[in-house]
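I opened a new model today.

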Amino acid sequence: MLNTGTVPPTDEGVVSAVCDAYSSIAREGAHTAYTEAVAKAFGYTVEQLRSIPAESHMGLSCGNPVAVASVKEGEIVLDLGSGTGIDVLLAAQQVGPKGQAIGIDISTDMVNRARKNAFKQGYRPPQVVFIQTNLTQPLPVATASVDCILSNCVINLLPDTGKAALLKECYRILKPGGRLVVDDIIAKKLLPDTIRSDLSAYIGCISGALQLEQYRAFMKLAGFAHALFIETGGDLEVYKSAGSGAPSSSPLSKCCATTTNTLPTTIGNLNTWAASYQIYARKVPSDNGAADKSPPALDRWWDAYPKDYLTSDEVANMLRDPDRSDYAIIDVRENDRDGGHISRSVQWRADAFAGSLNKFYDEYGKTKQVVFYCGSSKGRGSRCAAWYQDYLNGEGNTESRACVLEGGYHGWIYPDLVDGAM
C-alpha cells in the first residue's frame with residue numbers, strides 16, 4: 001500500500017497514518033531480497049540474519065543497535081517500535097533465559113507477527129514479550145526497571161511532541177546508569193515545505209526527521225545531558241535500489257523506502273537531505289552506589305495478550321447443557337484448590353503450566369473453548385490463558401480458544417456446580 005497525500009494537521013492524525021501504513025506492511029509482508037539487502041546495508045551480519053526467522057526483518061531498519069548495545073546476560077532490554085521482532089530476537093539471544101527482551105509497537109499487526117516469530121524461535125513470555133501500545137503515550141513499563149533501550153528508525157516517525165514525550169519516558173524507565181541506543185534518520189538541513197508536508201516522505205522517515213541540534217535539544221530536555229551522535233554513513237539510496245527488483249505487490253513505502261514515483265520530484269538523492277545516525281546515551285547513575293532491587297519491567301505482561309472472558313452464568317450454562325462437550329475447564333490453583341473446585345474442572349498447576357504447554361496443547365488443541373480460572377482469575381488463571389493463546393497463535397490454530405472465568409472461583413455463584421468442597 002503506497003501512501004500519498006498530505007501529512008495530517010494533528011498529532012493524532014500523524015500517529016494514525018503511520019500506524020495504518022506499517023500495519024499494511026505487516027499484513028502484506030516483504031520481498032526477501034529487499035529485506036536482506038537493507039539489513040546488510042545497515043550492519044546486520046549474515047550470521048545474525050540466519051539466526052532469526054526471515055519474517056522478523058522487513059527492511060525497516062536504518063542501523064543495527066544490538067551490535068553496539070553491549071547487551072549482557074540477565075539484562076532487561078526494551079525495543080521501541082519493535083516491528084516484527086528483529087532486534088528483540090537478537091537481544092533475547094544475549095540476555096538468555098534469566099533476562100527479558102520486550103518489544104513495543106503501535107501496530108497490532110506488527111505485534112502479532114512478532115509474537116509468531118518469537119514462537120518459531122522457541123521463546124515464550126515473559127522471556128520475550130511483545131506489547132501493542134502508542135509510543136506517544138506513557139509506556140506500560142515500571143520506573144527504573146530497564147537496563148537497555150533500543151530503537152531502530154522509529155522516533156523520526158512520531159510527531160515532535162511525541163518524540164519529546166517518548167525520550168522522557170526512556171529516561172524514566174531506565175535504571176540508574178542504564179543505556180539508550182537509537183538508530184535514526186536525521187535531517188541534514190531544513191526541509192522545504194513540499195517535502196515536510198508530503199505523507200509518503202513522512203512514512204518514509206524523511207519529512208519527520210529532526211535536524212541534529214533539534215535532536216540534541218530533545219535528548220537534553222529528557223535528561224540525557226551527554227548523548228553521543230555518530231553519523232554511520234549508511235546509504236539511504238539503498239531503499240530505492242534494493243526495492244527496484246521487488247515485485248509490484250511488495251510494500252515499498254516503508255522506513256525510508258519510498259519509491260521514486262511517490263516522493264516529491266524535487267527530493268532527488270535521499271542522502272542530500274538526511275543521514276543515518278546512531279545515538280548513545282546513559283541515565284545518570286545513582287548517587288547511592290548500588291541501586292536497590294529493580295521492580296519488574298512489566299507487572300502483568302499477560303494483560304497484553306488476547307483471550308476471551310466468560311461470566312459465571314456463561315460457564316454454568318455450558319456445564320448444564322447436555323449437548324455441549326466442546327469445552328474444558330482448567331483449575332490452575334495449587335494447594336488452595338482444596339477448598340473446592342468447579343464441576344468437571346481439571347487441575348493444571350500454574351507453577352508448572354509454561355513448562356508443560358506442549359503436553360497441554362496435545363490434549364486440548366482441538367477443544368473449542370478452554371476456560372482457565374484460579375482464586376480471582378486476575379493472576380494465575382489469566383496468565384495461563386495468555387500462555388495458551390500465544391501457543392495457539394504460534395501454531396496457527398484457530399480451532400481452540402483460551403478463555404478466562406471472570407471472578408475466578410471466589411466469584412463463582414453456583415454451589416450446585418462445585419466439587420470437593422470441605
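My entries follow, by topic.

**Ground rules.** I am working with a predicted model, where local features need pLDDT of at least 70, side-chain atom pairs count only at pLDDT 80 or more, and totals for chains, interfaces and linings use all residues. Residues are numbered from 1 along each chain as its sequence is written, and side-chain values use heavy atoms, with hydrogens and water left out.

**First sheet.** I looked up the strand order and found an open sheet of seven strands, E3-E2-E1-E4-E5-E7-E6, with mixed pairing. Strands E3 (128–132) and E6 (228–231) are its edges, each pairing on one side only. From one strand to the next, the twist averages 15 degrees. Strands and helices here are DSSP runs numbered from the N terminus (strands E, at least two residues; helices H or I, at least four). Two strands pair if DSSP finds at least two bridges between them.

Helix H5 (residues 108–120) packs on it and touches strand E2 (100–105) and E3. The direction of H5 makes about 170 degrees with that of E3. Helix H9 (residues 212–222) lies across strand E5 (174–187), E6 and E7, at about 160 degrees to E5. Such angles run from 0 to 180 degrees between N-to-C directions, with axes fitted to C-alpha atoms, for helices over the stretch in contact.

**Ser-276.** I picked a residue in strand E7 (residues 274–282), namely Ser-276. Is Ser-276 buried or exposed? Ser-276 is buried, because its relative accessible area is 1%. The cut-offs are under 20% for buried and over 50% for exposed, with partly exposed in between (1.4 Å probe, protein chains only). The side chain of Ser-276 makes a polar contact with that of Thr-232, at 2.5 Å. Contact means heavy atoms within 4.5 Å.

I found five strands in an open sheet, ordered E8-E13-E12-E9-E11, with parallel pairing. Strands E8 (308–310) and E11 (346–347) each have a single partner strand, so one side of each is left without a neighbour in the sheet. Strands E9 (residues 327–331) and E12 (residues 369–373) pair over five bridges.

**Salt bridges.** How many salt bridges does the count come to? The count comes to 13, with a side-chain nitrogen of Lys or Arg within 4 Å of a carboxyl oxygen of Asp or Glu. Asp-109 pairs with Arg-27, the closest N and O atoms being 3.0 Å apart. This pair links distant parts of the chain, helix H5 and helix H1 (residues 11–28), 82 residues apart. Arg-27 counts as exposed, at 54% relative accessibility.

I also noted Lys-163 with Asp-160, at 3.2 Å between the closest N and O atoms. Both lie in helix H6, about one turn apart. Lys-163 counts as buried at 2%, whereas Asp-160 is partly exposed at 35%.

Notes. A polar contact is a pair of N or O atoms within 3.5 Å; within protein, one must be able to donate a hydrogen and the other to accept it, and residues adjacent in sequence count only if both atoms are side-chain atoms.
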